[in-house]
Amino acid sequence: MAAVQRLIGAGRMPYVFLFPNFVFFGLFVFLPIGINVVFSVTGGPALFPSERPFVGAEQYAYLFDCGSYLDPSSCREDHFWRGVWNTAVFVLFQVGTMVLVSLVTALVLNRPIRGRGFFRAVYFFPVLLSPVVVALIWKWILQRDGLLNAAITSLGGQKILFFVDPSWAMFWAVFVSVWAHMGFYTLILLAGLQAIPSDLYEAAEMDRTPRWRILRRITLPLLWPNMIVVIVLSLIKGVQTFDEVFVLTGGGPGTATLMVVQYIYETAFANQVQNFGLAAAASVVLGLVLFALTLAQLAATRMKER
Amino acid sequence: MRSVTSLITTFALGLAAATALTGPVLAQSVTLRMTWYSDGNEGEVMTDLLKRFQAENKDIAVVLDQVPFKAINENLPVQLASGQGPDIARVTDMGGLARYALDMRPHLKDPAYWEANFGPFLTWMRTAGDTKSIPGFMTQLTVTGPFVNKTLFEQAGVALPGPKATWDDWAKAVKSVADKVQAPYPLALDRSGHRFFALAVSQGAKVFDEKGEPAVIDDGFKRAAQLVYDWHKAGIMSKELWGSVSGTAYRGANDEFKNAQVVMYLSGSWQTAQFAKTVGNAFDWIAVPNPCGAGGCSSMPGGAGLMAFKSTKNPEAVAKLMDYLASEKVLGEFYSRTLFVPGHLGIAKKGIDYPGASPEANAALKVFTASAAEVAPTAYQIQGYGNSRIIFNAVISRLGQAIAGETNLDEAYKRITADVTQQIAERNKQ
């Protein structure tokens, strides 16, 4: 390494260390993104780009051919827009609930309560499970002859077909997702809470500051960087949601829980014809949305830091 | 210098000797990959047959990759498109995969045998305009048809509708039974376009115009769609099957039927072996002829074909294996042990015994064999059409939305037509 440094100078050495990773990322991240963009401007069922006829922006024009973007049924590719709106609703409720529940749990688990270690492990445990396993467990609980309906009927109630009613299906999709991932976000917030200097709380207690004011004036402002991380990560993960909801509801009833990633998967692989071009165009749109969201969140973080 | 020369000579001689010893073996030894899915015991039977083939043909190894049915529909087409597919696969979307099929004629022992025994079904595996190639054979011929839980009818004290009963007759009867015995699924239809068209053809759906181009929405189709829609409204069909998932997802009612929750289940002859095994003595079940409508009592023909693919590097070995599996003796044993309706004209003509079948399974197979004789020409035309799966998928996706209350039937009809047109246009882009 010393010889290399002598040859190229110390200032260029970081690039030497970055180069292998850059090659790796180029090959397995940027090249596939490039191929995806190529697919989005070509058509037909062939898999090799060289065999696919160039169609320009046709796939994008097809996706965006809508009477009103607020009404999926006015769009030529209505399933894409149903996926977009379902994902937006899912993200709105899932991120909101996730942040709130994780925050409350982290605040409670930060207190010196009995069995704190046990509870921390319990809330983190679902994070270790595969999303498919999570969805199957909840499917068994929620199906017609599942545990929940058994409990309801034992109390004299009627069975509820949770996966037949659109509102229930979306509710359980959000609930299961929050249940499965909140442990991870709780851990991030817990780490943030433990990094807050304890003398600030001691001083506030000496001043007899009410608890809610301590929360508002000390805890939340100092926890904000961690909150941003939680919001950004859960937002990105929420937009990408597929496996859990797909196994739990199959996107139904109708298209009530069809997420945009499921639309991309089905368009590319499950449908005959497998429409790789349209799926690629939809995934480019999704990628751009995620990119914009991430930039906006990073900008918000920087503004707060200043 | 001399030592270097002697070293090179020794190495060269050693290499030549090694080549002489192993070369012929390597040249002859080939490995074939066969992708396979099972509804019943056919994977076990095929494993047995392959063992026997390999005992007779030591130079050909066959690896049987047993996969779920979903993988056949979703992964296999991508594998084939990328040129990385198996040598042989058991498939149901034969028309859709015809472009990747291997014409085995140059390598087959007797192509005339194949033409004579699989002739009508070979068209299902060929691309449009091709009348000669031989890409595979039928591992089974299937017909759609209803399975009925006879015990539930007896418990409810309701008489079974007769042989020429209409769909309406059956709908009334199964609802009456379900109400009396508290069964949650009076009538279940697989969430599958193929199964829907059994109903649609019996209602008079024509599917194609005079030129043979798709014209899916007609009066017969609308009658069938309206029936399915109304049955859901009336609680004759539960929304849990057609209305609880989205898109093109297949949803069967096997588990519900074997748990005695379904009074009548429209599925197909391929379920016979499975129900014989899983239901056992839990209750009495029977297969009944396809119910009738304005267009007759036709069911939908179908089946699974074992197809060879042109991406194979060993077409001779593939043809040798296929010749063995398609031979009358071997295939007869396969049909007999799997309880499949034969897709081999010679075997079908001679008749086939199912010595391992239970009395229920034997009776069901008789009903399905009789149903096969009543299949309407339109039903064969749909099955043989290369883009049929595009039509099937559009129908279940859009009809599913209407059933879930997301749209109405008129809107669903428009969407089905648009989906079919758009997807066929996409497939034709080269």
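Is B:Thr142 buried or exposed?

View 1. The structure is a predicted model, in which local features need pLDDT of at least 70, side-chain atom pairs count only at pLDDT 80 or more, and totals for chains, interfaces and linings use all residues. Residues are numbered from 1 along each chain as its sequence is written, chains are lettered from A and ligands numbered from 1 in the order in which they are written, and side-chain values use heavy atoms, with hydrogens and water left out. B:Thr142 counts as buried because its relative accessibility is 6% (buried is under 20% relative accessible area, exposed over 50%, and partly exposed in between, with a 1.4 Å probe and protein chains only). This residue belongs to strand β4 (residues 136-149) of chain B; helices (H or I, at least four residues) and strands (E, at least two) are DSSP runs, numbered from the N terminus. The side chain of B:Thr142 reaches the backbone nitrogen of B:Gly303 at 3.1 Å. Apart from residues up to four places away in sequence, B:Thr142 touches B:Ser269, B:Trp270, B:Met300, B:Pro301, B:Gly302 and B:Gly303, where contact means heavy atoms within 4.5 Å.

**View 2. Nonpolar cores.** A nonpolar core is a set of buried Ala, Val, Leu, Ile, Met, Phe, Trp, Tyr and Cys residues joined through side-chain atoms within 4.5 Å. The largest one has 158 residues, and B:Phe196, B:Phe197 and B:Phe221 have the most contacts inside it. Beyond its neighbours within four places in sequence, B:Phe196 is in contact with residues including B:Phe221, B:Ala224, B:Trp242 and B:Leu399. A second, separate core of 38 residues includes B:Val45, B:Ile88, B:Leu108 and B:Phe334. In soluble globular proteins, nonpolar side chains tend to be buried together.

**View 3. Salt bridges within chain B.** A salt bridge is a side-chain nitrogen of Lys or Arg within 4 Å of a carboxyl oxygen of Asp or Glu, and the count over all chains is 27. B:Lys70 and B:Glu74 form one such pair at 3.1 Å, N to O. About one helical turn separates B:Lys70 from B:Glu74, because they are four residues apart in helix α3 (residues 69-81) of chain B. B:Lys70 is partly exposed at 44% relative accessibility, whereas B:Glu74 is buried at 10%. Another salt bridge joins B:Glu256 to B:Arg251 at 3.5 Å, N to O. B:Glu256 is buried, with a relative accessible area of 11%, while B:Arg251 is partly exposed at 24%. B:Lys429 and B:Glu426 also meet in a salt bridge (3.0 Å, N to O), and B:Glu426 is buried at 3% relative accessibility.

**View 4. A salt-bridge network with members in chains A and B.** A:Asp78, A:Arg82, B:Arg398, B:Glu406, B:Glu411, B:Arg415 and B:Asp419 are linked in a network of salt bridges.

**View 5. A:Leu31 and A:Ala46.** A:Leu31 is located in helix α2 (residues 13-40) of chain A and counts as partly exposed at 47% relative accessibility. A:Ala46 lies in the loop between α2 and α3 (58-63) of chain A and is buried, with a relative accessible area of 17%. Leaving aside neighbours within four places in sequence, A:Ala46 is in contact with A:Phe39, A:Glu51, A:Arg52 and A:Phe276. A:Ala46 and A:Ala195 are 149 residues apart in sequence and 55 Å apart in space, C-alpha to C-alpha.

Notes
Polar contact = N/O pair within 3.5 Å; in protein donor to acceptor, adjacent residues only side chain to side chain.
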